[in-house]
Amino acid sequence: MTRPAVPAGRRTPVLLLLLCSGAVVAASAGSPALHDLVLRRAGRFASHFAGHTATTTVTANAGSVVRDPARAESDPVRSAATPRPARRNLDEIRRRLREGEPGTYIRELLLDHDSSLARWPERMHEPLRVWIQPARPDLEDWSPNFVKRVRGAFNDWENTGIPVFFDFVADSAAAEVHVVWTDHFDEPISGKTLWARDDRWWIVDGNITIAVHHNGGEPLDESAVKAIALHEVGHLIGLDHTTDSANIMTAKVRVRDLSPADRATVRLLYTLPPGTVR
Ligand SMILES: [Zn+2]
């Protein structure tokens, strides 16, 4: 598959990184199916840019991400995958929102995102390249099965019918999305997602970190890792928290699978153009 050439002048800077983090509360004894996943949003981080290059520095409890301007300038991924939408017809977008809204939590998403929608461009013909850190034998209780669970989380979202497919790649340098492991977070969370969007609200890359242990030291089981991964990949593709705990995207996750509302919300999101609806 080839990538269409994009004139340098259409390259867009990365404007914002959103940090979402999730916490897992240890399951109470005897009820392993009822883990609570408590996910908290940690904040928004502005970036700085000049011309067509992006210089983004994010500092959070989990570490920092520094984007090298030279690398951003030469990065074909960022520039090629962000089409310029046709002229926005706000009345039409709002009408489609109203019609598609029942059974979704798209309104909560808009409240969280300043009345704007962020998503990836269509990536069916050129799937998003995802790198999942393949091994962390240095981490006690880390299991190779965790990698399979995270792949499963990506596949579950892909199977909702959104026009975004995922390719799992072995070369981290070639990936647009990275998933890495950590033993535990120093704060009471178990997962974090950082994503970046451009000035047209297209998401352009993302980084997910998943812990192997609760903040208190208890190991996370495969089911919890899958649930965290589902939640964090939900953030990666543009979703945010909903108050209804029947959904994987609730701040206190009580389920292990995508709900009808999770599926309906992401499907609606991917029928609408990114950007403001205000
Ligand atoms: Zn979250």
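**Close-up views of a predicted model**

**View 1. The surroundings of Val130.** Leaving aside residues up to four places away in sequence, Val130 touches Phe154, Phe166, Asp167, Phe168, Val169, Ala175, Val177 and Val179; touching here is contact, with C-beta atoms, placed from the backbone, within 7 Å. Before we go on, please note that this is a predicted model, in which local features need pLDDT of at least 70, side-chain atom pairs count only at pLDDT 80 or more, and totals for chains, interfaces and linings use all residues. Residue numbers start from 1 along each chain as its sequence is written.

View 2. Buried means 20 or more other C-beta atoms within 10 Å of the residue's own, exposed means 12 or fewer, and partly exposed lies in between.

**View 3. Strand β10 and its parallel partners.** On one pairing, strand β10 (residues 177-182) runs parallel to strand β8 (residues 123-132), joined by three bridges, and Trp131 stands opposite His178 of β10. On another, six bridges link β10 to strand β12 (residues 203-211), again in the parallel sense; here Trp181 has Ile210 of β12 as its bridge partner. Strands count as paired if DSSP finds at least two bridges between them. Helices (H or I, at least four residues) and strands (E, at least two) are DSSP runs, numbered from the N terminus.

**View 4. Arg107 in helix α4.** Helix α4 spans residues 106-112 and includes Arg107. Arg107 is exposed because it has 12 other C-beta atoms within 10 Å. Leu97 is 10 residues away along the chain, with 9.0 Å between the C-alpha atoms of Leu97 and Arg107.

**View 5. The whole chain and its confidence.** The protein chain holds seven helices and 14 strands, and 40% of its 278 residues are buried. Of its contacts with a separation of 6 or more, 74% join residues 24 or more positions apart. The pLDDT, the predictor's confidence in each residue from 0 to 100, averages 76, and 69% of the residues score at least 70. Residues 1-18 have pLDDT below 50, and this stretch has 50 contacts in the model beyond near neighbours in sequence. Residues 23-80 also have pLDDT below 50, with 115 such contacts. Where pLDDT is low, the predicted coordinates should not be read in detail.

Note on methods
Contact = placed C-beta atoms within 7 Å.
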